[in-house]
Amino acid sequence: MNIIWKIYFSATGTTKKIVDCIGDELANKFRASAMTHDFTLPEARQSFPKVAAGDLVVFGVPTYAGRVPNLLLKYLDTIAGSGALAVPVVTFGNRAFDNSLIELRNILESHGFMTVAAAAFSCEHSFSYTLAAGRPDDGDIAVAKDFAERIYNKVSEITSNLYRHEPIPVDGDENAGYYQPKTDSGTPIDIRKVKPKTSDECVKCGICATSCPMGSISFDDFSTINGICIKCGACVKKCPSRAKYFDDAGYLYHKAQVERNFARPAENKIFI
């Protein structure tokens with residue numbers, strides 16, 4: 001391998017942790033250079049690095065509503081793989097990754113990447129401090145390192161032989177819609193327009209505004225949300241004074257519901 005690329009969107013740092021682990025392990029095993037493209041913030045989505053045949057890309061995104069975050073799709077339509085090998089990786093908040101992995105795989109394949117392995121990792125939910133708290137933990141990192149070992153073995157074999165590419169088979173329905181939160185009685189919950197509030201604990205440090213992947217928090221008034229909120233949790237979890245919060249009834253109902261119904265530790269899923 002020429003370059004091991006670590007490419008990811010990671011609002012709260014969990015996807016970054018998994019992709020970094022896999023990518024760094026692969027770089028060590030191949031004795032290759034490691035390069036990073038973090039496209040979490042808006043300015044990083046103005047361009048895409050020039051990857052090439054002979055490179056290996058570990059490409060990670062979180063799962064939102066069972067799919068790749070839809071507000072990333074415009075940017076993901078600009079990427080180019082140029083024949084590079086790729087490992088799509090999704091993270092999910094301990095409920096399920098649903099159809100995000102197959103969607104990411106298809107995006108990469110349609111833009112010139114050749115997928116050779118894939119994985120879904122359970123991580124702390126963006127809404128919650130208790131759902132999969134602290135994940136990825138040491139056990140998840142051990143799984144990620146073992147996954148990297150298996151990728152290394154597979155890629156070493158296929159690049160030393162004649163190789164006819166077939167997309168890596170993964171779970172999911174490429175034609176499925178987005179996950180729809182519902183009350184226990186079956187009434188749909190719509191939180192798409194819900195935005196965080198700011199309490200008097202705000203110390204005006206600006207971390208929320210600089211961390212917002214959509215650039216939606218005003219630098220003139222940190223309590224003002226000028227654009228779309230994707231409920232990624234960056235402003236809430238990175239606020240040093242815990243001044244950011246949600247008080248929408250539907251949001252809080254859904255948060256309590258997933259914390260109650262999906263408290264069991266979800267398993268990571270590897271495809272290779």
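Asp 140 is buried (under 20% relative accessible area, with exposed over 50% and partly exposed in between, for a 1.4 Å probe and protein chains only), at 2% relative accessibility. Its partner Arg 135 is also buried, at 11%. This is a predicted model, in which local features need pLDDT of at least 70 and side-chain atom pairs count only at pLDDT 80 or more, while totals for chains, interfaces and linings use all residues. Residues are numbered from 1 along each chain as its sequence is written, and side-chain values use heavy atoms, leaving out hydrogens and water.

The structure holds 13 salt bridges, each a side-chain nitrogen of Lys or Arg within 4 Å of a carboxyl oxygen of Asp or Glu. Three of these pairs are tabulated.

| Pair | N to O distance | Relative accessibility |
|---|---|---|
| Arg 135 and Asp 140 | 2.7 Å | Arg 135 11%, Asp 140 2% |
| Lys 16 and Asp 20 | 2.7 Å | Lys 16 34%, Asp 20 14% |
| Arg 192 and Asp 190 | 2.8 Å | Arg 192 67%, Asp 190 49% |

Arg 192 counts as exposed and Asp 190 as partly exposed. Shared partners link Lys 6, Lys 16, Asp 20 and Asp 24 into one salt-bridge network. Within this group, Lys 16 and Asp 20 sit four residues apart in helix H1 (residues 14-30), about one turn of the helix; helices are DSSP runs (H or I, at least four residues) numbered from the N terminus. Lys 16 is partly exposed, whereas Asp 20 is buried.

Notes: Helices (H or I, at least four residues) and strands (E, at least two) are DSSP runs, numbered from the N terminus.
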